[in-house]
Every structure is written in C-alpha cells, then in structure tokens.
Amino acid sequence: MRDPFMQAALDEARNGLAEGGIPIGSVLVIDGTIVGRGHNRRVQHGSAILHAEMDCFEQAGRLKPADYKRATLYSTLSPCDMCSGTALLYGIPKIVVGENQTFQGPEEYVRSRGVKLTILQDAECIQLMEDFIASSPQLWYEDIGKE
C-alpha cells in the first residue's frame, strides 16, 4: 500500500499530465496534514520555474520558519537543484522522493546539509516518467535544461 502523501503527489503528477504538462507532482506535509500541493506547470503557464515543488510551495503560501522545520516535502521525482535549494532555504528536514531513476537531483548535497532523504523507487512514478520521456523527449529535456 502506497503512502497516502506520495499518492497525493502522484495524483498531482497525473493532473499535470492531463493538462498537457509534465507529470511530476509534489505535496508539502506539516504535522500529518497536506498544506500545499502542486504539479509541474511550466507548459501550462509558460513558466521558466514552475516545477512541481515550486508550485507546491507557492500553493502553500507564506509559512512561518517554524512550520517549515516540521515539514516533509513529497515529490514523485528527485528534486532538481532549484527545488532542492528552496527546500534547503526554508530548512525542510525531510524529503520523500517517488523515484530517482529517470532523473537525479543533488541528493548527496541535500543529505550533506542534514536533510533526511528517502527514495521509494515507486514503480508507478518510474513508469509515468519513462512513458512521458519516451513520448515527449524534447519537452522533458527543456524542463531539465538539456539540449
């Protein structure tokens, strides 16, 4: 049985795909409650930075530093440098990642900064990204800044 918070992140990823975007989802959890949820909306909004985690942080709104210190960030895919940096900036102590086989962010650096990082290698998260990359490689490479 999948963790309900990772399931919520996966639901967000599927929402993004249904909107014509990249299927990556994220939720921010504090004290067992989802306070923010988001999905990659770069395509939908013509945005340079609206990755799933960034959308999730934006949807959570302004939080107090103490709130972030009790938070767990869930993401269907290993967060990139930008998204990992935001989690580090706000002192989020725990990140749960659906998979890092199709893309791996700066995980060792994040760990070196004291963040507890859990990688699930969830089969649905992997399949969702593999299917997307196979069907839309140019859009995927644009999202991760590669030619």
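A residue counts as buried here when its relative accessible area is under 20%. With that cut-off in hand, let us walk through this predicted model.

The UniProt record, an unreviewed entry, lists residues 1-117 as "domain: CMP/dCMP-type deaminase". Over that stretch the chain is 40% helix and 21% strand, with the end C-alpha atoms 20 Å apart.

Helix α5 spans residues 81-89, and its buried residues are Cys83, Ser84, Thr86, Ala87 and Leu88. Just after α5 comes Gly91, which takes a positive phi of about 75°.

**Aromatic pairs**

How many aromatic pairs does the structure hold? There are three, and two of them are described here. In one, the ring centres of Tyr68 and Tyr90 are 4.5 Å apart and the planes lie at 20°, so this pair is stacked. Tyr68 sits in helix α4 (residues 65-68) and Tyr90 in the loop between α5 and β4, so the pair ties together parts 22 residues apart in sequence. Tyr68 counts as buried because its relative accessibility is 6%, while Tyr90 is partly exposed at 34%.

In another pair, the rings of Phe103 and Trp140 have centres 6.1 Å apart and planes at 85°, so the arrangement is edge-to-face. Phe103 belongs to the loop between β4 and α6, and Trp140 to helix α8 (residues 137-143), so parts 37 residues apart in sequence are tied together.

| Residue | Relative accessible area | Class |
|---|---|---|
| Tyr68 | 6% | buried |
| Tyr90 | 34% | partly exposed |
| Phe103 | 18% | buried |
| Trp140 | 3% | buried |

Technical notes. Residues numbered from 1 in each chain as written. Predicted model: local features only at pLDDT ≥ 70, side-chain atom pairs only at ≥ 80, totals over all residues. Heavy atoms only, no water. UniProt positions renumbered as here; feature names shortened; annotations may be inferred. Helix = DSSP H or I, 4+ residues; strand = E, 2+ residues; numbered from the N terminus. Buried < 20%, exposed > 50% of the residue type's maximum accessible area, 1.4 Å probe, protein only. Phe/Tyr/Trp six-rings, centres within 6.5 Å; stacked < 30°, edge-to-face > 60°.
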